[in-house]
Amino acid sequence: ANGVNVSHSYQSSGTYNLTMYFTRPESCMEDSISTILTINDISVQITPNNPQICIGNSIVLNGSGASSYSWSTGDNTASITVTPSATTTYTVTGSNGVGCSNTATVAVTVGSSPTINITASPSSICSGGTSVLTASGGSTYSWSTGGSTSSITVTPSATTTYTVTGSSGVGCSNTATVTVTVGSLATINVIASPTSICTGGTSVLTASGANTYSWSTGESGMNITVSPTSTTTYTLTGINSEGCSGTATITVTVHPFTTVTATSSPSIICNG
């Protein structure tokens, strides 16, 4: 370049040897002056470079490549801790010791915690029964039983509360609980009065231990009257207040009439 003042834009860092050529006016002779020019480069980075967090959580952003830093948050340290409530872009300006600076940005993606729901079908069972628990609202699940599928089958021996933790695609999680109520089986008792009858006789069967009753005769109610023609066993099914059932049996014994035969000797007599 020619002229008293010249400018040049350097595209890469490094050390450059500059020489200026000039003509001395007093002697009309050419002369030169050389100097070394150092071009410094600064590359500022932020790590992690694609962070994702769940709402309410914090993350540490680390600046590198410079000797001093200035963040868009107002902080002036190399590392900062942020807790954004929504997806936010952060900027840091880094400077080196010779006054060169550069900037870097990073977007922190904030995911919301999923709303997890559980249904139990049925929610009330009798002892020995099963219930299917189904979770929704997440992409992966972890149950207090150790299961990891969206639906599990449980057979609790007593009323039990189950917990599931559901996670979303960005790793955010939430929990939900459901209670399966276990009812006791009905303890049914039945008596017959009397337990033995003669042919043509009747017996009253009386039940206890439940709220509703169903007899093998097709009848319902706590008491029924039977008149069997032969020894018969009756079955009773009772359901208690928890909706659980139980059974009992009773046998009524039937005795046939005795056949009596009479003879006379002699068969004909005189008066007196």
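Colleague: Let's start with Ser131: is it buried or exposed?

Modeller: In this predicted model, Ser131 counts as buried because its relative accessible area is 1%, and the cut-off for calling a residue buried is under 20%.

Colleague: And which strand does Ser131 lie in?

Modeller: Ser131 belongs to strand β12, which covers residues 131-136 and has side chains that alternate between two faces.

Colleague: What does the side chain of Ser131 reach?

Modeller: The side chain of Ser131 comes to 2.5 Å from the backbone oxygen of Pro122. If we set aside residues up to four places away in sequence, Ser131 touches Ala120, Ser121, Pro122, Ile125, Ile152, Thr153, Val154 and Val180.

Colleague: Which strands is β12 joined to by bridges?

Modeller: Strand β10, residues 117-121, runs antiparallel to β12 and is joined to it by five bridges, with Asn117 standing opposite Ser136. Strand β14, residues 151-154, is also antiparallel to β12 and has four bridges to it, and there Leu133 has Ile152 as its bridge partner.

Colleague: Going up to the whole chain, how many helices and strands are there?

Modeller: The chain has zero helices and 23 strands. Its radius of gyration is 49 Å, well over the 19 Å that the globule rule gives for 272 residues, so the chain is more spread out than a compact globule.

Colleague: What does the C-alpha trace span along its principal axes?

Modeller: The C-alpha trace spans about 200 × 25 × 20 Å along those axes. Buried residues make up 26% of the 272 residues, and the accessible surface comes to about 16,700 Å², with 49% of it belonging to carbon and sulfur atoms.

Colleague: Changing topic, which residues in the largest nonpolar core touch the most other members?

Modeller: That core has 18 residues, and those touching the most other members are Leu205, Trp215, Leu236 and Val252. The elements that give two or more residues to this core are β17, β19, β20, β21, β22 and β23, and the largest share, four residues, comes from β23.

Colleague: Picking Trp215, what is it in contact with?

Modeller: Once its neighbours within four places in sequence are left aside, the contacts of Trp215 include Val190, Leu205, Ile224 and Leu236. Among the others are Ser220, Gly221 and Met222.

Colleague: Last one, Val182: what does it touch, and why is it called buried?

Modeller: Val182, which is found in strand β16, is called buried because its relative accessible area is 12%. Leaving out residues up to four places away in sequence, Val182 touches Ile125, Cys126, Ser127, Pro156, Ser157, Ala158, Thr159 and Glu242. Its C-alpha atom is 35 Å from that of Gly171, a residue 11 positions away along the chain.

Key
Residues are numbered from 1 along each chain as its sequence is written. This is a predicted model: local features need pLDDT of at least 70, side-chain atom pairs count only at pLDDT 80 or more; totals for chains, interfaces and linings use all residues. Side-chain values use heavy atoms; hydrogens and water are left out. Buried means under 20% relative accessible area, exposed over 50%, partly exposed in between (1.4 Å probe, protein chains only). Two strands pair if DSSP finds at least two bridges between them. A nonpolar core is a set of buried Ala, Val, Leu, Ile, Met, Phe, Trp, Tyr and Cys residues joined through side-chain atoms within 4.5 Å. Contact means heavy atoms within 4.5 Å. A polar contact is a pair of N or O atoms within 3.5 Å; within protein, one must be able to donate a hydrogen and the other to accept it, and residues adjacent in sequence count only if both atoms are side-chain atoms. The radius of gyration is taken over C-alpha atoms; the globule rule is 2.2 Å times the number of residues to the power 0.38. Accessible areas come from the Shrake-Rupley method with a 1.4 Å probe; for residues, only the protein chains shown count as cover.
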